[in-house]
Amino acid sequence: MKIAIHGRNFNESARPFIENMFNELSRRKVEVQLSKPFRNFLDQNGITHYSELVYEKPDELFDARLIVSMGGDGTLLETISHVGKRQIPAIGINVGRLGFLATVPPERITDMIQALENNQYRIDERTLVEIESNIDLFDGQNFGLNDFTITKTDTSSMITVHTYLNDEFLNSYWADGLIISTPTGSTGYSLSCGGPVLVPHSQNFIITPISPHNLNVRPLVLEDTAVIRLEVKSRSNNFLVSLDARSRVVDENTLLTVRKAGFIARLIKMHDDSFLNTLRSKLSWGLDMRN
């Protein structure tokens, strides 16, 4: 079995589990390729990983059967950006915090490896959002699993986002920004701005305004076949665009079109991993101090 691993810094409490993972992979003679930043972190902290294979750019990723993300949900989003159109299945080990996407706890890493080796898992296919623009915004990686966001820059006043659905005018959002979220991203930034939770395989996008000036403007759920065109006006003549964990400032001459990507993300889920269980657990549904 050949696997790739990408990760970020993790707490010292996770160290024994990570070391045990590499020992297990070595014992099972699994060929491992590490992302360069994660390899550097492991070397700096004296964690033996038994691997000399490294990738620095997505096109250097070898023909892995799967890729492992070690961190939180943000790390898994980065991992999906490494995979891209190759659609290599990805699984997230949660050594981060919330963990809606990275759902394997460190203490179950050995069980995870056993399940992966014996094909005891399922593939969860997730929609990606894709951005088209008159400039190269994200070094060719113009897709995201969670959301695409437009926001004002730190020093500017509100921005106006003229929004069109399939070339029909929808609304001019006067707000701090606008989020276009996939069902996967519905439990992220969109949720914190009052957006609804969608189950992962809903064939929808969510348009969620960020701190709108008009309080009667609400999040909108629409079909994911829609093409969303955005024109942004700002007093500072610029604004911030974000695609999952990547962001940059652009000027208001930047043209933006958002649509469903022509490929998907494939998430590996253990058989006992349930979105509804995760939802209840992470959002503390049903919990009451009186009970």
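**Notes on the predicted model**

1. The side chains of R15 and E12 meet in a salt bridge, with N and O 3.8 Å apart; the term means a side-chain nitrogen of Lys or Arg within 4 Å of a carboxyl oxygen of Asp or Glu. R15 is buried at 18% relative accessible area, whereas E12 is exposed at 55%. Here buried means under 20% relative accessible area, exposed over 50%, and partly exposed in between (1.4 Å probe, protein chains only).

2. A word on the basis: this is a predicted model, in which local features need pLDDT of at least 70 and side-chain atom pairs count only at pLDDT 80 or more, while totals for chains, interfaces and linings use all residues. Residues are numbered from 1 along each chain as its sequence is written, and side-chain values use heavy atoms, with hydrogens and water left out.

3. The salt bridge count comes to 19. E24 and R28 form one of them, at 3.0 Å from N to O, and they belong to a network that also links R27 and E117. E24 is buried at 13% relative accessibility, and R28 is buried at 17%.

4. D43 and R39 form another salt bridge, with their closest N and O atoms 2.8 Å apart. Both lie in helix α2 (residues 36-44), 4 residues apart, about one turn of the helix. Helices (H or I, at least four residues) and strands (E, at least two) are DSSP runs, numbered from the N terminus. D43 is partly exposed at 42%, while R39 is buried at 15%.

5. I150 is buried, with a relative accessible area of 0%. Beyond its neighbours within four places in sequence, its contacts include I159, V161, L178, I210 and F239, a contact being heavy atoms within 4.5 Å. I150 and I179 are 29 residues apart in sequence, and their C-alpha atoms are 6.5 Å apart.

6. The unreviewed UniProt entry places an "active site" feature at D73; UniProt positions are in the numbering used here, feature names are shortened, and annotations may be inferred rather than shown by experiment. D73 lies in helix α3 (residues 73-83) and is buried at 19%. Leaving aside neighbours within four places in sequence, D73 is in contact with G99, F100, L101 and A102.

7. Strands β6 (residues 121-133) and β17 (residues 256-270) pair antiparallel over 12 bridges, pairing requiring at least two DSSP bridges between the strands. R126 has A265 in β17 as its bridge partner.
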